[in-house]
Every structure is written in structure tokens, then in C-alpha cells.
Amino acid sequence: MRGLRMQRVLVTGAAGRIGTVACALLAEHGARVTALSDVAPPAGFPADRVVVGDTRSEADVAAALEGADLVVHLAARPHRTAGTPYEVYTTNVVSTFNVLAQAAGRGIRRAVVAGSINAYGLPQNDHDLIPAYFPIDEHIPRDISDWYSLSKHNDESASRMVWRHWGMDVVTLRFPHVNSAAALAQVAQTHADDPRSGLREAWSYLDTRDAARAIALGLIASTTGAHALFLAARTTSAPYRTEDLLDVFAPDAPRLRRFPGREVPMDLVPSQVLLGFEAHHELELPTLDLPGGLAG
Ligand SMILES: NC(=O)c1ccc[n+]([C@@H]2O[C@H](COP(=O)([O-])OP(=O)(O)OC[C@H]3O[C@@H](n4cnc5c(N)ncnc54)[C@H](O)[C@@H]3O)[C@@H](O)[C@H]2O)c1
């Protein structure tokens with residue numbers, strides 16, 4: 001990733017799960033990383049500049065943006081339970097507006113933002129909804145009933161506004177569940193025992209190392225405008241054939257194509273075409289028959 005060499009990249013939420021791995025990868029590819037975090041990163045953190053501050057603060061973000069060429073915005077309350085509804089919603093939308101508007105206002109040309117699969121609203125929905133069709137894609141109808149999903153949906157609108165007003169190109173990565181291989185193996189066990197629990201996320205997942213690589217690819221991609229892209233590993237986190245899962249748990253949802261083996265029922269083509277992204281780290285799971293007892 002030669003395009004990152006000597007680029008000053010501001011990473012917000014740098015000390016978090018995805019940020020830690022992303023900062024290391026960016027530094028490995030020659031970027032000079034400024035880490036903005038509300039908690040001090042540990043000694044030896046892969047950033048040559050650290051700003052301890054709040055992404056909601058105009059002054060803190062202005063200080064962190066000094067000298068920046070590119071921005072990666074990850075700081076957020078990452079779940080509907082990560083604070084009160086007010087804290088989750090306002091932290092996320094104020095931070096995203098503040099970081100993107102200040103970056104664009106200073107003439108920075110490109111940002112990558114951590115979006116979420118939750119922008120379409122179903123995974124954390126209060127109601128027992130089933131996606132309108134498979135694969136889940138950029139046109140999937142939304143139904144939002146929680147403040148976290150609303151914040152991620154509104155962040156995408158903020159990104160479009162920033163592009164339209166200032167012309168800064170933005171790539172929003174609609175991450176599915178992102179975690180270490182060990183933690184994802186536990187999710188896979190949950191989906192083996194209770195496969196329906198993964199339905200509204202299309203049993204999608206991404207290894208943290210792949211999330212970091214998608215961020216780096218987003219920074220060097222040649223896309224213009226504001227894009228929001230689904231991305232995931234090519235396979236599901238359930239040890240069953242995808243067609244069997246859909247037959248049992250979403251029999252009435254139209255399928256726009258077939259899903260051989262454990263192929264994830266999510267449209268990965270835009271992230272492949274626009275970013276050149278394909279996951280490198282997949283769960284090694286068997287492909288089993290769906291036990292009859294789980295189908296109820
Ligand atoms: N991990 C996932 O499964 C997942 C899935 C979809 C989307 N995302 C998104 O990816 C991003 C990173 O997620 P993560 O899993 O690394 O979460 P994380 O909680 O590990 O990291 C987020 C970091 O942001 C920091 N932060 C929060 N509010 C801040 C503020 N006001 N000012 C400065 N820093 C602040 C936190 O201290 C934390 O270090 C988030 O935007 C999250 O919504 C994560």
C-alpha cells in the first residue's frame with residue numbers, strides 16, 4: 001500500500017478494538033499515525049503522535065488534525081447499550097460531524113469512517129423482523145428502532161453532506177461484527193447452537209485484521225464521493241449451509257441468487273470493486289446438516 005507512505009493519518013478511537021490493529025497496519029505501511037483517543041493508549045502504541053481528547057470537542061479535534069493528510073474516524077459508542085440513549089446517539093453523531101466537517105474544512109481530501117451493518121436497523125431492532133430479501137445489499141429497506149443504529153444511519157448522511165459541501169471523499173465501512181479470531185470462534189459456537197440468532201446480520205462477521213486492511217484500502221482507493229459499503233468474510237459464522245438456514249429461518253424472504261455452501265448472504269461486490277477488498281481471515285468451520293431440532 002504505497003499510497004500510505006509518509007502520509008499523516010489521524011485515527012480517532014485509536015485505542016479501541018479496531019483502532020489498535022488499524023494503527024499498527026497503517027504504521028507498517030509507512031503512514032505517520034496521529035492517535036486521538038479519550039483514553040491514553042498503552043506504552044509502545046503504534047502512533048508517533050498521541051492526542052488524548054474527546055471527538056466531540058472542537059478544540060481537541062482541531063489539535064489532532066494538525067498536519068493530517070487523511071482521516072480514519074472510528075471513535076464511537078459501539079452499541080445501543082454502550083451508554084444511555086442520549087450518550088450513545090449524541091457521542092456518535094456529534095463526533096462524526098465534528099471530525100469530518102473540520103477535516104474537510106481544512107482541505108483534507110479523504111476520510112474513512114467506521115459505519116455499521118446496523119445502519120439498516122434490523123440487527124438491534126426491538127421487533128422480530130426479517131430482512132426484506134437476500135443478499136443484504138445497499139438497497140435493503142431499513143427499519144430503525146434504536147439510537148445506535150440511528151446514529152450510524154445519520155453518520156452516513158453527514159458523510160454525504162460533507163462531500164457535497166466541501167468535496168471531501170468519504171468511504172463508510174458498514175462493518176458487521178468485528179473481532180479477534182478467538183472471539184469469532186465463540187460467536188460461531190453461539191450460531192451453531194442457535195442459528196436464528198445470526199439471521200438479521202446474515203451470519204456475517206469480519207476478523208479485526210481484515211477490518212484494519214479494509215480501512216487502509218479505503219484510504220488509498222480511487223473512489224470519489226461518499227460511499228457506504230457492506231463488507232464481511234465470504235463465509236458465514238454458522239456451520240450450516242446458507243440455503244438451509246434461509247429455507248428454515250427466512251422462507252418468505254426472496255433470494256436474488258443462490259448461496260452455495262456457507263456463502264454469506266450479503267452483497268460483497270461493491271466493496272470488492274471499489275476497494276479491492278476481500279477478507280483474508282475466515283473461520284474454519286465444517287458444513288453440517290441443520291439439525292431438525294434447531295429448525296423450530
Ligand atoms: N467491533 C464491531 O463489531 C463493530 C461493528 C460495527 C461497527 N463498529 C464501529 O467501529 C468503530 C470502532 O469500534 P470498536 O469495536 O473498535 O469499538 P471500541 O469501543 O473498542 O473503540 C472505540 C474507541 O473510541 C473511543 N471513544 C469513544 N467515545 C469517544 C470520544 N467521545 N472521544 C474520543 N474517543 C472516544 C473509546 O474510548 C474506544 O477506545 C465504532 O465506530 C463502532 O461503532 C464496530
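Predicted model: local features only at pLDDT ≥ 70, side-chain atom pairs only at ≥ 80, totals over all residues.
1. Ligand site. Around the ligand are 24 residues. The closest are Arg17, Asp38, Asp54, Tyr148 and Val178.

2. Elements of the shell. Four elements each supply at least two residues of the shell around the ligand: helix 1 (17–28), strand 5 (110–116), helix 4 (147–166) and strand 7 (177–179). Strand 5 gives the most, with 3 residues.

3. A polar side-chain atom of Tyr148 is 2.7 Å from a ligand oxygen atom. Arg17 uses its backbone: an N or O atom there lies 2.8 Å from an oxygen atom of the ligand. For Thr55, a backbone N or O atom is 2.9 Å from a nitrogen atom of the ligand. Taken alone, the ligand exposes 810 Å², and the protein buries 87% of that.

4. Ser271. This residue sits in helix 8 (residues 269–275). Is Ser271 buried or exposed? Ser271 counts as buried because its relative accessibility is 2%, and the cut-off for buried is under 20%. Leaving out residues up to four places away in sequence, Ser271 touches Leu229, Phe230, Leu231, Gly276 and Phe277.

5. Pro286. The segment after helix 8 holds Pro286. Its relative accessibility is 45%, so Pro286 counts as partly exposed. Beyond its neighbours within four places in sequence, Pro286 is in contact with Pro239 and Arg262.

Technical notes. Residues numbered from 1 in each chain as written. Heavy atoms only, no water. Buried < 20%, exposed > 50% of the residue type's maximum accessible area, 1.4 Å probe, protein only. Contact = heavy atoms within 4.5 Å. Near = heavy atom within 4 Å. Polar contact = N/O pair within 3.5 Å; in protein donor to acceptor, adjacent residues only side chain to side chain. Areas by Shrake-Rupley, 256 points an atom, 1.4 Å probe, with all protein chains shown as cover.
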